[in-house]
Amino acid sequence: MTTSKYMTKIPQRRKTWLTVGISALSRQDPSSLVHTLVSLYNASSTAEQKRLTVLAHLADSNLTWLKDTTARISTLFSSEILTGQLLLIHAPPAAYPTVSGGHGAKASRGEGYSKKNVDHAFLMSFATKLSDYFLLLGDAVFCAPNFVTHIYSKVTALKPSPWVLLEFSNVGLIGKLFHSRDLPVLAHFLLLFHQEKPLDRPILHFHTLLVQEKPILCRPFLFYHRLSHPTSDDKEDTVVPKKNPYGPSNSSASVFTNMNVSGAHFPWEAYALDESFFWTDDIRPGNHLTVVLNHPERLSRVQVMTGSIVEGKHALSKGQVQLGYGMPQGCANFVLLGWLVAGQMDWEILQDSTADPVSCVRLVVKANQAGGLMVRHIYLWEKKAMEENMDQS
């Protein structure tokens with residue numbers, strides 16, 4: 001195996017139950033890996049962390065990024081590094097095979113395939129002896145609370161039945177669980193097709209080679225792709241969402257709350273146009289999650305969804321949505337838009353041209369609630385944008 005000559009003897013250490021493997025590159029958000037690690041550790045209890053090893057492959061040749069990332073992680077997670085819970089590795093350039101053949105776009109594509117495949121082959125080779133199971137994660141991911149316990153429960157329930165690959169996310173290659181004993185074969189498989197196949201094809205095809213006929217998708221999903229991460233100030237975040245011309249027209253806004261903020265799931269994630277969500281606990285009457293628009297808008301539709309997608313767990317049992325008017329800094333004048341039914345509300349707003357534009361949208365808790373609350377999303381449709389979308393369709 002190409003990577004084997006670079007593998008030194010792993011120091012004697014306590015073998016854990018699960019290794020989370022992350023291959024990270026420098027990208028538009030150089031702090032992406034750090035945010036993922038913050039989410040991972042905040043989403044796992046002290047007891048869970050004792051069963052967990054995190055292995056991060058800094059798979060980039062950008063020396064500035066390598067130096068800055070290593071320094072920042074070493075500062076933020078010094079205790080995890082000292083106890084061996086967090087390991088950082090970097091493959092030397094000589095570990096990568098030469099990509100030959102092809103010209104132009106084909107050659108460029110082969111180089112891209114090769115880099116990513118070898119990055120992950122190196123990661124998996126190093127992880128083989130660290131634990132019983134290996135979870136592949138991305139470097140732009142956030143984790144559901146107590147994901148280690150959820151995975152352990154699923155693996156325990158499946159013990160009578162053989163499996164090769166369990167999937168705890170339906171997004172890309174994140175949340176893919178393997179037996180560590182299978183990692184050398186998988187790494188070798190990646191190297192065989194390092195320049196011919198993109199990473200997802202050999203990994204998702206791997207279970208069929210070891211006679212697992214169908215994919216095993218485990219719900220609820222525990223990992224989600226983080227599309228962006230704005231600068232946050234604990235309980236208030238400014239968001240500039242990516243827009244879909246045929247979907248919600250969420251515009252720039254600030255999102256704040258008086259609920260508990262865990263540090264794993266932030267208030268802005270309920271307003272982002274992706275699969276992220278805001279998670280909190282200890283829900284009491286009067287708690288709120290408020291979106292303050294940078295510029296007041298006339299809205300034609302408001303949709304608020306709480307609770308998990310499949311099972312509906314952690315939905316808001318009793319709550320309402322209010323619209324705020326006036327200066328964005330105050331929004332002192334709130335009126336009731338509607339009550340949530342089974343944790344959800346999707347409301348068309350009938351306004352005439354003389355109606356004041358909306359400055360704030362607020363989700364308000366109206367009763368005590370045991371357990372946690374998941375606010376999946378708050379979507380807004382601006383009146384003009386929605387009319388244009390209807391004309392285009």
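Reader: What is the strand order in the open sheet of 4 strands?

Author: This is a predicted model, in which local features need pLDDT of at least 70 and side-chain atom pairs count only at pLDDT 80 or more, while totals for chains, interfaces and linings use all residues. Residues are numbered from 1 along each chain as its sequence is written, and side-chain values use heavy atoms, with hydrogens and water left out. Strands (E, at least two residues) and helices (H or I, at least four) are DSSP runs numbered from the N terminus, and two strands pair if DSSP finds at least two bridges between them. The pairing in this sheet is antiparallel, and the order is 13-20-15-18.

Reader: Which strands are the edge strands of that sheet?

Author: An edge strand here pairs on one side only. That applies to strand 13 (278-283) and strand 18 (344-348).

Reader: How many bridges join strand 15 and strand 18?

Author: Strand 15 covers residues 299-306 and pairs with strand 18 in the antiparallel sense. Within this pair, V302 stands opposite W347. The number of bridges is 5.

Reader: Where does R376 lie, and which backbone oxygen does its side chain reach?

Author: R376 lies in strand 20 (residues 369-382). R376 counts as buried (under 20% relative accessible area; exposed is over 50%, partly exposed in between, with a 1.4 Å probe and protein chains only), because its relative accessibility is 16%. Its contacts (heavy atoms within 4.5 Å) include E269, M305 and I309, not counting residues up to four places away in sequence. The side chain reaches, at 2.7 Å, the backbone oxygen of G307.

Reader: What distance separates the C-alpha atoms of R376 and F278?

Author: Along the chain, R376 and F278 are 98 residues apart. Their C-alpha atoms are separated by 6.5 Å.

Reader: Why is strand 19 described as largely enclosed by the rest of the structure?

Author: Strand 19 (residues 358-365) pairs in the antiparallel sense with strand 14 (residues 288-297) over 6 bridges, and E297 stands opposite V358 there. Strand 16 (residues 319-325) also pairs with strand 19 in the antiparallel sense over 6 bridges, with C360 as the bridge partner of G324. Strand 19 is largely enclosed because its buried residues number 7 of the 8.

Reader: Which strands stand at the edges of the open sheet of 7 strands?

Author: This sheet has mixed pairing and the order 3-2-1-4-7-6-8. Each edge strand has a single partner strand, so one side of each is left without a neighbour in the sheet. The edges are strand 3 (86-89) and strand 8 (216-217).

Reader: What angle does helix 6 make with strand 1?

Author: Helix 6 (residues 147-157) packs on the sheet, touching strand 1 (16-24), strand 2, strand 4 (131-137), strand 6 and strand 7. Axes are lines fitted to C-alpha atoms, for helices over the stretch in contact, and angles run from 0 to 180 degrees between N-to-C directions. The direction of helix 6 makes with that of strand 1 an angle of about 120 degrees.

Reader: Is H57 buried or exposed, and which backbone nitrogen does its side chain reach?

Author: H57 is found in strand 2 (residues 52-58) and counts as buried, at 0% relative accessibility. Residues that H57 touches include I22, Y96, D119 and F122, not counting residues up to four places away in sequence. At 3.2 Å, its side chain reaches the backbone nitrogen of A91.

Reader: What is the phi of V211?

Author: Most residues other than glycine have a negative phi. V211 lies in the loop between helix 8 (200-209) and strand 8 and counts as exposed, at 70% relative accessibility. V211 is not a glycine, yet its phi is positive, at about 65 degrees.

Reader: How many disulfides does the count come to?

Author: A disulfide is taken as a pair of cysteine sulfur atoms within 2.5 Å. C143 is buried, with a relative accessible area of 0%, and C218 is buried, with a relative accessible area of 1%. By this rule the count of disulfides comes to 0.

Reader: What share of the residues in the protein is buried?

Author: The secondary structure comes to 9 helices and 20 strands. Of the 393 residues in the protein, the buried ones make up 53%.

Notes
Polar contact = N/O pair within 3.5 Å; in protein donor to acceptor, adjacent residues only side chain to side chain.
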